[in-house]
Amino acid sequence: MSSRILDVNGGQFQIDVAESGSGDPLLYLHGIAGKQEGDFIAELATSHRVIAPWIPGFGSSTGSEQIADFHDLIYLYLDLLDELELRDLPVVGHSLGGMLAAELAAVQPERFSKVALIGSLGLWDQDNPVLDFFTVPPAEFAEAMYTDQKSEAALAIATAPQSKLPEVDPETDEGKEIIDYYVERAKSMSTAAKYLWPIPNKGLSKRLHRVTQPTLLIWGEGDGICPPVYAEYFAAALSNASSQIVPGAAHMVHVEKPGEVAAIINKFLST
Amino acid sequence: MKLEMFHLAPYRGLPEDFREKYRSVWVDVPSHLFDPKLANQYYNETLDELVYGAEMGYDGICVNEHHQNAYGIMPSPNLMASVMARQTKDVAIIVMGNSIALYDPPIRVAEEFAMLDCISGGRLVAGFPVGTSMDTTYAYGANPSTIREKYAEAEDLIIRAWTEKEMFSFDGKYTQLRYVNIWPRPMQDPHPPVWVPGAGSIETWQHCIDKDFMYAYLSYSGFKRGKTVMDGFWKVANAAGNDNPYQAGFLQLVCVGDSESEVKETYGPHIEYFFNKMLHVYPGFSDSPGYRTIDTIKAGLMAQTSTFGRAGAEYQTWDTLIEQGNVVAGTPSQVTEQLKSVVSDLHIGHLMLLNQIGSMPHELAKENIRRTATEVVPNLRHIWDDKPEYVDKWWPSGAVTRAGEGVAS
């Protein structure tokens, strides 16, 4: 995997773009917790050149303060795709990235050959609400994200202190470590909140009908963030969608079952 | 020295087992616990207590804004302040304040504050808080990642609406107005003094210095832990060559009685109600993502700036609360001595005192107000009188100034 920093929009944004593999290009858009996706991207990269930009606020991408809302983010990504000269390629998005993929495909349907949405946010049903993962206790957040509560990733979430930290001394190593952790979390979660707060439908339901290319919906059966019933909502709004529910996985289905999810996507893209 | 009486309008009727049964006093506090008949009583007693505080000799009376909670039932402090403007004659009316990022367009605040200033005859203090995470990002759904920027823009718009002589256009990121031309305009010239109640962000210090606003540190951690935050403020202020204590204020809970044992017996249960029920906020609500600034986290001030989010914490007893300095209690002379050191340790010109605390019945609250205002306040009022170089530029021009009227014993 290689990584480069790309100036976008006259240097207003510095976008950290990871690339791996070779072959036909594939755009991958990460979700609310993008750092554990290495295995999944590596699986996709066995058959594609995977281009995975980081949303400003995540990774080392900068310029988040210049983005007011989801609308601005969509146009930043259109600029970025122009810069990368990416057209007529499939897009795969997870969670927040799924919402972004669907919005991009609604704005420029001709740019994307196919769309794969994994546990995608972007719609809202009062009776089956998306979990308020910004607010729930850490253990509940972990359960919504991962099936195996003993996994390292689940434990990292579950054992994080919530909100009221003990007094920490920024001069000590231990204090620094706690503070660094909180700074990183504050940056990525506040970025996610910018696009998802307080309800994660920013008008996608009004535009989704414009996505007419073949679309695949992949959901973890135990997704506690965005329940699998949302695959049905997406399918109902799309004219050319199929869905696949993956048992034994939660919101981070592509992290929990990287080979299986990549194989489903490869099959979808090759037919 | 100015002494102001702070009032939260607490909802005093929470059940005994509230802490065990419910997760939060804020945001999702069950609506069935709200009794409008009790609220009728509490609102009227609150208004009476505020007027009483003014009559007993406080320099100002403070009200503030909170939403969806039983901690303080004043979603609109301006409604309370308008009654104060009519029912009091000379005290400062301190609205502490309006969460300016929540109003679209924010000139609504410029207008209502101008109304209050005109009705009261120039006695208004305009408080501009960001607002707590619970109030702003949960109850009002404001986006935590943009609320501070929105706040800054709203502040700019309001100050301009008050001060510019001609109508103007405002092309902001969050508010666009083709014609800004508010009627009424404030009575005070150029505008009511601005106080910034700060709790959650260290950037507020520099902001108050840059804009010449008054910084009020409102927390319940008491004067011992509050010193870390006030020292931080003074470091920034001193670097700008400023050491005027009137630019800083602090909130302290106070109980006055005849002896330590009597005070404990009389006030203890109500203080424990306050700390264990009214601050019983589910931690997830107290710190929405992006609400707290990165610089505050980096400074290691998460704990010092976290007033709320105590749910799940240990039950706090009277003895611990006294020991930690959360509450200053005792005889008038004991309280006076302690508050004198609070004023000098924190170097403040404004001390806001909370006399109605937790579940105190009306008569007890009045007793506490009367004794504090008549037996403590007069002995603190003249603390800065021997420093004529310190001028209180943050006091409303239409309100009375009692300091300097003769030194008390």
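At 28% relative accessibility, B:Glu375 counts as partly exposed, because the class of buried residues ends under 20% relative accessible area. The model is a predicted one. B:Glu375 forms a salt bridge with B:Arg371, and their closest N and O atoms are 3.0 Å apart. The two residues lie 4 residues apart in helix α13 of chain B, about one turn of the helix. B:Arg371 is buried, with a relative accessible area of 11%.

Helix α13 (residues 362–375) of chain B also holds B:Glu367 and B:Arg370, 3 residues apart and again about one turn of the helix. Their side chains meet in a salt bridge of 3.3 Å, N to O. Here B:Glu367 is partly exposed at 32% relative accessible area, and B:Arg370 is partly exposed at 30%.

A salt bridge of another kind of reach joins B:Asp59 and B:Arg381, with the closest N and O atoms 3.3 Å apart. B:Asp59 lies in the loop between α2 and β2 (60–63) of chain B and B:Arg381 in the segment after α14 (377–380), so the pair ties together parts that are 322 residues apart in sequence. B:Asp59 is buried, with a relative accessible area of 0%, and B:Arg381 is buried at 8%. Both belong to a network of salt bridges that also includes B:Asp90 and B:Arg402. Over all chains, the search finds 25 salt bridges.

A:Tyr230 is buried at 0% relative accessible area, whereas A:Tyr233 is partly exposed at 24%. Ring pairs also link residues of chains A and B into a cluster, among them A:Phe133, A:Trp197, B:Tyr138 and B:Phe285.

On the surface, A:Asp7, A:Asp79, A:Glu83 and A:Glu85 gather in a patch of negative charge. A:Glu83 sits in helix α2 (residues 70–83) of chain A and is partly exposed, at 46% relative accessibility.

How values were computed: Residues are numbered from 1 along each chain as its sequence is written. Chains are lettered from A and ligands numbered from 1 in the order in which they are written. This is a predicted model: local features need pLDDT of at least 70, side-chain atom pairs count only at pLDDT 80 or more; totals for chains, interfaces and linings use all residues. Side-chain values use heavy atoms; hydrogens and water are left out. Patches are made of residues with over 30% relative accessible area and no salt bridge: like charges are joined within 9 Å, nonpolar side chains (Val, Leu, Ile, Met, Phe, Trp, Tyr) within 5 Å. Accessible areas come from the Shrake-Rupley method with a 1.4 Å probe; for residues, only the protein chains shown count as cover. A salt bridge is a side-chain nitrogen of Lys or Arg within 4 Å of a carboxyl oxygen of Asp or Glu. Lys and Arg count as positive and Asp and Glu as negative; His and the chain ends are not counted. The place of a charge is taken as NZ of Lys, CZ of Arg, CG of Asp or CD of Glu. Buried means under 20% relative accessible area, exposed over 50%, partly exposed in between (1.4 Å probe, protein chains only). Rings of Phe, Tyr and Trp (its six-membered ring) pair if their centres lie within 6.5 Å; planes under 30 degrees apart count as stacked, over 60 as edge-to-face and the rest as tilted.
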